[in-house]
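This briefing is intended to be read alongside the sequence and the three-dimensional structure. Please keep both at hand while going through the points.

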Amino acid sequence: MLRFLHPLITPVTYTRWLHLLMPQAVVSVWLFISMDTPWVPVVLAALVGLIPGTRLAEGIQGQLLLTPAERGDPDATISVAPSTSWSERWRTALWLEVRLLCATLAGLATVWLPATTVDLVRSAFGTKPSDQWLAAGLGTHWWAAVLAPVPLLVMLSVVVGCGELITAAARWLLGPTPVQRLTALEERTEQLLERNRIARELHDSIGHALTVAVVQAGAARAARDPEFTERALAAIEETGRNALEDLDRVLRVLRESGPTPGQRPSLSEADRLLDSARGAGAKVDAEVSGPLEQVPGSVSREGYRILQESLTNVLRHSGAVPVRVRITVAEGRLELEVTNPFTGSTGTPGDGSGLRGIRERAALLGGNAKTGLYGEEWMVHASLPLGRIR
């Protein structure tokens with residue numbers, strides 16, 4: 001019993017009912033104008049369906065009234081877009097014919113069956129039913145009151161059934177084509193990739209700045225030397241300023257407004273990373289060989305982030321230890337290596353997401369990255385091709 005009554009308390013039943021009655025109003029107006037040409041609305045519906053914008057209007061109505069729960073969902077089964085091919089136009093024309101058919105059934109049920117219930121009630125109270133509805137010629141009978149609810153139940157069944165039918169037809173005829181589904185999937189994939197890239201940018205940039213600030217502050221407090229404290233505060237200030245620039249650039253990308261974000265840092269600015277690590281107490285031995293200025297921008301930018309994350313891990317997990325940085329451009333590849341003594345006092349660097357990000361960056365460029373313990377040293381080695389960018 002509750003299952004039968006459930007459609008009556010579901011809002012979508014009544015929005016679908018409204019959707020069904022809208023075309024019936026147009027048909028009724030035409031029949032009032034010309035009762036001898038009932039076929040005209042059918043022909044007009046087919047012709048209107050060939051207009052590209054009709055599919056857009058019908059899709060909006062369908063999402064709003066037939067599947068309101070899917071409104072705004074990128075995976076909605078009813079698409080909201082104009083026709084872009086003759087196949088979609090013919091499908092829209094067929095949809096309008098199906099809609100007219102269902103509207104006619106629901107409209108007749110909405111008018112005739114409640115009127116029949118009224119006639120049955122009149123018959124039960126001794127008044128002869130009218131000759132216009134289904135109870136015509138019944139006469140007056142007390143038992144007509146028992147039958148009075150039946151037409152209403154039939155009407156509700158017809159409305160619910162037509163609502164389900166018209167919704168299924170909308171999903172079939174107004175739904176996205178396989179090409180549209182593939183396009184939408186590609187767009188969502190691009191958005192997810194961009195979000196992951198931004199997440200890596202924030203992790204590398206802000207993580208590096210916070211790590212340097214924490215190390216510098218701890219060293220300044222332990223040293224109790226005013227001159228050292230001043231240098232530490234200057235380093236924290238510079239690192240924080242660079243991090244704020246990166247953060248502002250990423251936020252402008254997320255807002256998708258304002259001027260075009262500035263160029264992301266590249267390996268030509270690696271000195272500021274090395275100076276930041278030195279300011280945090282690490283003894284950095286850096287060697288750069290090869291034409292670094294000839295490295296493609298995308299490779300240079302990702303190389304900068306890999307170096308940044310590598311130095312951040314050194315400071316976070318090993319502290320102020322000697323660090324060896326080797327950057328080589330030769331034979332069509334960029335080789336970047338960062339090694340440091342592994343103390344093991346603050347956990348294994350590979351437990352976090354930073355090193356996974358390094359490997360992902362290298363893989364997206366068609367290269368590879370290796371991280372791990374080699375003897376008593378922790379090493380990050382990235383090999384990136386200069387001419388194979390995916």
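**Sheet and helices: a briefing**

Five strands form an open sheet in the order β1-β2-β3-β5-β4, and their pairing is mixed. The edge strands, each of which pairs on one side only, are β1 (283-289) and β4 (368-374). On average, and ignoring direction, neighbouring strands of this sheet are turned by 10 degrees against each other. The model is predicted. The points below take up the sheet, the helices on the sheet, individual residues and the helix pairs.

**Strand pairing in the sheet**

- Strands of a sheet pair through backbone hydrogen bonds, in either a parallel or an antiparallel sense.
- Strand β2 (residues 322-330) is paired with strand β3 (residues 333-341) in the antiparallel sense, over seven bridges.
- Within this pair, T339 in β3 is the bridge partner of R324.
- The pairing of β3 with β5 is likewise antiparallel and extends over nine bridges.
- At this pairing, L334 stands opposite L384, a residue of β5.
- Strands β4 and β5 run antiparallel and are joined by seven bridges.
- Here Y374 stands opposite E377 in β5.
- β4 and β5 form a hairpin with two residues between the strands, and in this hairpin G375 takes a positive phi near 70 degrees.

- Helix α12 (residues 354-364) lies across β4 and β5, and it runs at about 145 degrees to β4.

**Strand β5 and V380**

- Is V380 buried or exposed? The relative accessible area of V380 is 3%, under the 20% limit, so this residue counts as buried.
- V380 belongs to strand β5 (residues 377-385).
- Eight of the nine residues of β5 are buried, so the strand is largely enclosed by the rest of the structure.
- When neighbours within four places in sequence are left aside, the contacts of V380 are S310, L336, E337, V338, L355, I358, K370 and T371.
- V380 and L311 are 69 residues apart in sequence, while their C-alpha atoms are 9.8 Å apart in space.

**The loop between β2 and β3**

- E331 has its place in the loop between β2 and β3.
- The phi of E331 is near 55 degrees, which is a positive value in a residue other than glycine.
- With a relative accessible area of 82%, over the 50% limit, E331 is therefore classed as exposed.

**Helices α5 and α7**

- Two packed helices are described by the angle between their axes and by the distance between the axes.
- The axes of helix α5 (residues 86-124) and helix α7 (residues 149-173) come within 9 Å and cross at roughly 170 degrees.
- α5 and α7 are therefore roughly antiparallel to each other.
- The residues of this contact of α5 with α7 comprise 23 nonpolar, three polar and two charged.
- How does the length of α5 agree with its number of residues? At 1.5 Å a residue, the 39 residues of α5 should span 57 Å, and the end C-alpha atoms of α5 are 57 Å apart, which agrees.
- α5 is followed by G126, which has a positive phi near 90 degrees.
- V150 is a residue of helix α7.
- V150 has a relative accessible area of 43% and is partly exposed.
- V150 and T117 are 33 residues apart in sequence and 7.7 Å apart in space, taken from C-alpha to C-alpha.

**Helices α2 and α7**

- Helix α2 (residues 11-33) packs with α7 at an angle of about 80 degrees, and their axes are 9 Å apart.
- That angle makes α2 roughly perpendicular to α7.
- The residues of this contact of α2 with α7 divide into seven nonpolar, four polar and two charged.
- On the α2 side, the residues that meet α7 are T13, R16, W17, H19 and L20.
- On the α7 side, they meet M155, V159, V160, C162, G163, E164, I166 and T167.

Conventions: Residues numbered from 1 in each chain as written. Predicted model: local features only at pLDDT ≥ 70, side-chain atom pairs only at ≥ 80, totals over all residues. Heavy atoms only, no water. Axes fitted to C-alpha atoms, helices over the stretch in contact; angles between N-to-C directions. Helix = DSSP H or I, 4+ residues; strand = E, 2+ residues; numbered from the N terminus. Parallel < 35°, antiparallel > 145°, perpendicular 65-115°, else oblique. Nonpolar A, V, L, I, M, F, W, Y, C, P; charged D, E, K, R; others polar. Buried < 20%, exposed > 50% of the residue type's maximum accessible area, 1.4 Å probe, protein only. Contact = heavy atoms within 4.5 Å. Expected span 1.5 Å × (residues − 1). Pairing = 2+ DSSP bridges.
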